[in-house]
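Here is a friendly walk through the structure shown below. Please keep the sequence and the model side by side as you read.

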Amino acid sequence: MTELGQRLRQERESKGLSLEDLQKLTKIQKRYLLGIEEGNYEVMPGKFYVRAFIKQYCEAIGLDTDAIFEEYKSDIPSTQTEDMPQQLSRVRSRKEIPQHTKGVSKAYDYLPTVLVVAGVVVVGIIIWVIAQNIVSDKNKEQANQEAPNSEVQQSNTQEETNETTAKNDNSKSEDEQSAADKKEQEKEKAEKEKEKEKAAKEKAEKEKAEKEKEKEKAAKEKAEKEKAEKEKAEKEKKDSGKQEYKEVQKTGRSATYALSGTDAFNLEVTSTQADTWLDVKNGKGNAFFSSILKKGETKEFDLTKETEARVNIGYSPGVELKVNGKAVDLPFDASKQVRQVVTIQYQPAEAQ
């Protein structure tokens, strides 16, 4: 590689250009550009094209052509016209040969005619050789002139090929881009479907968890209720064994009962046939309930802390009373005495 070729290659690479890029810019075939960089001018069609191609190379990469030609003139071959004087000089030197031969012939005229004839033949051969050289040089010049046309045709053909390739590449690139866009859209759609499924799954799991939680809560409440009822029933059963509920006195529509032998005083009032007025107060006159007891409704009262309770029933038919879970009879026949007042005096077992 020559210093010029190394300089040109460094400038090209510093601008980020490949030989293919430079070929598109200069329309010079890549093999000639490579020959310039490597200093291999033998691949060129002629010396004139070496200089011309180097000039185009420099202009394409932004170098001063005159400065390059001056700096690296030892690396750049001279043109065809510069070689012509040397060729002509060689022709003249060859022409001097027959003149010398003639001089010798004249000097030695005493030689037989045969030698003269031989000299003439030699001169003829020399002239024929010179003529062949001249014809060869002309043919070479003609070939050099035809070479550019061939190179131009090759360059045009190469350019057309490059354009066709570029079009095919663009078409292929568009198809690939379209396929890539379609693939991206399908990917986005799949991701959205996946997110939708995930959201639905999370919602279902959340609803299921809430239902399970409600179910557990209901089961817990039921268990607590059943436990409370069981404890209450056991307590009532325990208390009913020693509980006493006996009549103290009865007058008019009022009756008094004494409750003893138990540590609890729970009262339940249920209306099974019709709505009735119900008024429940303690011995001090404080009301626990004073309103309509609707049909099928039950009211419970914890009177354990009270010593006396007064129950006023406005419509006694169908009304049931329970003391500590045990049913007790009304003091009067409901068909004869519709309104009844029941007073219950309570004395806890511990106080007895």
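A residue counts as buried when its relative accessible area is under 20%, as exposed when it is over 50%, and as partly exposed in between (1.4 Å probe, protein chains only). This is a predicted model, in which local features need pLDDT of at least 70 and side-chain atom pairs count only at pLDDT 80 or more, whereas totals for chains, interfaces and linings use all residues. Residues are numbered from 1 along each chain as its sequence is written, and side-chain values use heavy atoms, with hydrogens and water left out.

**The chain as a whole**

The protein chain holds seven helices and ten strands. Helices (H or I, at least four residues) and strands (E, at least two) are DSSP runs, numbered from the N terminus. Of the 352 residues in the protein chain, 28% count as buried. A contact means heavy atoms within 4.5 Å. Among contacts in the protein chain with a separation of 6 or more, 65% come from residues 24 or more positions apart.

Let us begin with H1, which covers residues 3-14. This helix has twelve residues, and the distance from its first C-alpha to its last is 16 Å, close to the 16 Å expected at 1.5 Å a residue. The expected span is 1.5 Å times one less than the number of residues.

Which residues of H1 are buried? They are Leu4, Gly5, Leu8 and Arg12. Seen down the axis of H1, these buried residues fall within an arc of 95 degrees, so they line one face of the helix. The arc is taken from the directions that run from the helix axis to the C-beta atoms. As background, an α-helix has 3.6 residues a turn, so residues three or four places apart point the same way. The face of H1 turned away from the buried side carries the exposed residues Glu3 and Ser14.

The buried residues of H1 pack against helices H2 (19-26), H3 (30-38), H4 (47-61) and H5 (65-71). After H1 comes Gly16, with a positive phi near 70 degrees.

Arg12 in H1 deserves a look of its own. Arg12 is buried, with a relative accessible area of 7%. Leaving aside neighbours within four places in sequence, Arg12 is in contact with Leu17, Ser18, Leu19, Leu22, Glu37, Tyr57 and Ile61.

Two packed helices are described by the angle between their axes and the distance between the axes. Here the axes are lines fitted to C-alpha atoms, for helices over the stretch in contact, and angles run from 0 to 180 degrees between N-to-C directions. Angles under 35 degrees count as roughly parallel, over 145 as roughly antiparallel, 65 to 115 as roughly perpendicular and the rest as oblique.

| Helix pair | Axis distance | Angle |
|---|---|---|
| H1 and H3 | 6 Å | about 120 degrees |
| H3 and H4 | within 11 Å | roughly 90 degrees |

H1 and H3 are therefore oblique to each other. On the H1 side, Gly5, Gln6, Leu8, Arg9 and Arg12 meet Leu34, Ile36, Glu37 and Glu38 of H3. By class, this contact of H1 with H3 has three nonpolar, two polar and four charged residues. Ala, Val, Leu, Ile, Met, Phe, Trp, Tyr, Cys and Pro count as nonpolar, Asp, Glu, Lys and Arg as charged, and the others, Gly among them, as polar.

H3 and H4, in turn, are therefore roughly perpendicular to each other. Tyr32, Leu33, Ile36 and Glu37 of H3 make the contact with Phe53, Ile54 and Tyr57 of H4. The contact of H3 with H4 has six nonpolar, no polar and one charged residues.

The 15 residues of H4 should span 21 Å at 1.5 Å a residue, and the end C-alpha atoms of H4 are 22 Å apart, which agrees. The buried residues of H4 are Tyr49, Val50, Phe53, Ile54, Tyr57, Cys58 and Ile61. H4 is followed by Gly62, with a positive phi near 85 degrees.

Thr65 has its place in helix H5 and is buried, at a relative accessible area of 12%. Beyond neighbours within four places in sequence, Thr65 is in contact with Lys55, Cys58 and Glu59.

Most residues other than glycine have a negative phi. Lys27, in the loop between H2 and H3, has a positive phi near 65 degrees. Lys27 counts as partly exposed at 39% relative accessibility. Asn324, in the loop between strand S8 (319-323) and strand S9 (326-328), has a positive phi near 55 degrees. Asn324 is buried, with a relative accessible area of 3%.
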